[in-house]
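Please open the structure in your viewer and keep the selection panel at hand. The tour below moves from one selection to the next and says what is found at each stop.

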Amino acid sequence: ALEFQYKVTDRWKDLLPLFGIEEQAGKNRDILFDEFITKVKNFITSIDGFIAVKDLDSPKISKEDYIKNLDLMAEYANTDAITLTSYRPIDKGLYKKIFEYAWDGRKIDF
């Protein structure tokens, strides 16, 4: 979600102090965001969280089953109230693409 919304908002900057990051004059926005995302991912793994769906142990899901259910997951996500409050317009197709990236924990680059 952070990577998806990054293209249209700087609200993520409000979280920088929580991760000990100072916004310095002249610091490139992309570099600052990469530093932030790295710290967020490090925090998630430090509490035994996972970054990629494929790393989830309980419940374990095969890539085949995951891919087979992409349309259903995208439909559920698209009908969730969070869709209405997204800073960036989103639809079922984008949700599906996000879920595809989530399997491997790939950076949202679209």
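**Stop one: the aromatic cluster**

Begin by selecting Tyr 6, Trp 12, Phe 19, Phe 33, Phe 36 and Phe 43, which together form one aromatic cluster. Before going further, note that this is a predicted model, in which local features need pLDDT of at least 70 and side-chain atom pairs count only at pLDDT 80 or more, while totals for chains, interfaces and linings use all residues. Residues are numbered from 1 along each chain as its sequence is written, and side-chain values use heavy atoms, with hydrogens and water left out.

Rings of Phe, Tyr and Trp (for Trp, the six-membered ring) are paired here if their centres lie within 6.5 Å, and a pair counts as stacked when the planes are under 30 degrees apart, as edge-to-face when they are over 60, and as tilted in the remaining cases. By this rule the count comes to 10 aromatic pairs. Look at Tyr 6 and Trp 12: their ring centres are 5.8 Å apart and their planes meet at 55 degrees, so this pair is tilted. Both Tyr 6 and Trp 12 are buried, where buried means under 20% relative accessible area, exposed means over 50%, and partly exposed lies in between (1.4 Å probe, protein chains only).

Now select Phe 19 and Phe 43, an edge-to-face pair with 6.3 Å from centre to centre and 80 degrees between the planes. This pair links distant parts of the chain, since Phe 19 sits in the loop between α1 (2-5) and α2 (29-46), whereas Phe 43 belongs to helix α2, 24 residues apart. Phe 19 is partly exposed at a relative accessible area of 21%, and Phe 43 is also partly exposed, at 44%.

**Stop two: around Tyr 6**

Return to Tyr 6, which is placed in the loop between α1 and α2. Which residues does Tyr 6 contact, leaving aside its neighbours within four places in sequence? They are Trp 12, Arg 29, Asp 30 and Phe 33, with contact meaning heavy atoms within 4.5 Å. If you display the C-alpha atoms of Tyr 6 and Asp 30, you will find them separated by 9.5 Å, although the two residues are 24 residues apart along the chain.

**Stop three: the loop between α2 and α3**

Next, select Asp 48, which is found in the loop between α2 and α3 and has a positive phi of about 65 degrees although it is not a glycine. Asp 48 is exposed, with a relative accessible area of 74%. Pro 59 lies in the loop between α2 and α3, and the peptide bond leading from Ser 58 to Pro 59 is cis, with omega near 5 degrees.

**Stop four: helix α4**

Move on to helix α4 (residues 70-78), where Leu 70, Ala 74 and Ala 77 are buried. Seen down the axis of α4, the buried residues fall within an arc of 65 degrees, so they line one face of the helix; the arc is that of the directions from the helix axis to the C-beta atoms. The buried residues of α4 pack against α3 (63-68), α5 (82-85) and α6 (92-104).

**Last stop: the whole chain**

Finally, show everything: the protein has 6 helices and 0 strands, both being DSSP runs numbered from the N terminus (helices H or I, at least four residues; strands E, at least two). Its C-alpha trace spans about 45 × 30 × 20 Å along the principal axes, and buried residues make up 26% of the 110 residues.
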